[in-house]
Amino acid sequence: MYIGVDCGTQSTKVVVVDVEGEAILGEASRAHRLSEGDNGRREQQPQEWVEAFRGAFEEAVTRAGIERHAIRAIGVSGQQHGMVALDAEGLPVHPAKLWCDTETAAHNAALVARLGGAAGCLERLGLVLQTGYTASKIAWLRDTNPCAYRRIESVLLPHDYLNFWLTGEKVAEAGDASGTGYFDTRTRRWRHDVFAEIAPELDPTRVLPRLIDSREPAGTLRPELARELGLSPDVVVASGGGDNMLGAIGTGNIAPGIVTLSLGTSGTVCAYSPESVRAESDMVANFCASHGGWLPLICTMNVTSASTLVRELFDLDLAAFGERLAAAPIGAEGVTVLPFFNGERVPSLPHATASFLGLDSRNLTQANLCRAVVESATFGLRYGLELLGPLAAGASQIRLIGGGARSPVWRQMVADVTATPVICPQVTDAAALGAALQAAWCERHDLPLSELCERLVHLDDASLAEPKAASVRAYETVYARYREALALQHGVPVG
């Protein structure tokens, strides 16, 4: 039995996986609070992740109805980029600043300039620093809270922090480390010279966690924690990784030819590459995969976070929102939304705000506004898909995950907007499953990851959405209108 954990923005999820029986036996989740403030501040308390893990673990194991001594390993997926800065006692010196925090945009721009612009970033890191990466968060803390900054003894990512809590070891692996902004994604090594530009007073050999291979365990459970959880102290804690990397494993996206697209709080599009990629666009992140190879990726910041705001504005539950979405025609009768409620990463508009365009007395309906926000979030993902170039253009299938993937209307929309067949894995919260698969891969060297994915990653044939020719043509016109709005409102080139 293997435990998979996904510590996301909204909640921590836990699944119990039986590899031999090829089944998920139990799952549960616990919500987190998100602290939001001026200038794009978005933070969480790491202790909430710990408490959420405890509650979700107990419920998932109880639901699974298994003997706890049967659990052999735990794998942890975490939201990428978050800054967890710890003092000498292992306690946070400041709340964790999250991936969606845009308060550090000016610090990111300054770092990019100091590194020699986009070309300098690519030369040193294999990617271009983006607002949201960990680097600018550390620079921000140095400038705004020097007392907390001076207490820093280590800097971890969210999944690293949970691994530290589980094992007492401070380690990192290449997939999640790729999104820090001080890691060379081509050589899989920390860039101490870049870290010195960010935090000159901190010694990277002391502050940064030890790098391990993706198949190398982070350690075993701390004895006192093993007793609390009722587990053997020999339980292995896998290297784990970022949610996008483990979501790719959880969808079977471990070889070329498949695209994973996530309709979560944020949106991501990624495709596996056996080689490091230098994309034409600076917005494509040349991240490492958490099973070897690379996982070029783009991330948009407003997907279900945007649709939820509109749904709650009208006080609609999910079923009623789905009805409104289906009731409006393609193009929402001329309504276009630029859904940048949280700023935006792709395109790079960290200070952008949302706009509702094309409204008149005839098309101002709940149905059209619901439809337009979902269409526009999907157009943002198509924009990112196009940036991936040949990796995405050659894909035979899009595997859709995240909360939005549960909507048949949204699934069909993605198929029509991208002109590509779309299907969901049976487990759409794929990062937790991917974490459990990686845990089994770390603990059992007799099983290749491809076989583990064949056993546990099952596609939901009932979710298959084939693109419809008439709808594909209609969306070409609506997408062109969206791109024109981007150009007029924010100066983003049409093509």
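## A first look at the fold and its ring pairs

The protein chain holds 19 helices and 24 strands, counted as DSSP runs numbered from the N terminus (helices are H or I with at least four residues, strands are E with at least two). What you see is a predicted model, where local features need pLDDT of at least 70, side-chain atom pairs count only at pLDDT 80 or more, and totals for chains, interfaces and linings use all residues. Residues are numbered from 1 along each chain as its sequence is written, and side-chain values use heavy atoms, with hydrogens and water left out.

Let's start with the overall build. Along the principal axes, the C-alpha atoms of the protein chain fill a box of roughly 65 × 55 × 40 Å. A compact globule of 495 residues would have a radius of gyration near 23 Å, and the 22 Å of the protein chain agrees with that; the radius is taken over C-alpha atoms, and the globule rule is 2.2 Å times the number of residues to the power 0.38.

How much of the chain is buried? Of the 495 residues, 61% count as buried (under 20% relative accessible area; exposed is over 50%, partly exposed in between, with a 1.4 Å probe and protein chains only). Contacts, meaning heavy atoms within 4.5 Å, tell their own story: among those with a separation of 6 or more, 72% come from residues 24 or more positions apart.

Now for the aromatic rings. Rings of Phe, Tyr and Trp (its six-membered ring) pair if their centres lie within 6.5 Å; planes under 30 degrees apart count as stacked, over 60 as edge-to-face and the rest as tilted. By this rule there are 12 aromatic pairs. Here are two of them.

| Pair | Centre to centre | Angle of planes | Kind |
|---|---|---|---|
| Phe 53 and Trp 165 | 5.5 Å | 75 degrees | edge-to-face |
| Phe 379 and Tyr 475 | 6.2 Å | 75 degrees | edge-to-face |

Phe 53 is buried because its relative accessible area is 2%, and Trp 165 counts as buried at 12%.

Elsewhere, ring pairs join Tyr 182, Phe 183, Trp 190 and Phe 195 into a cluster.
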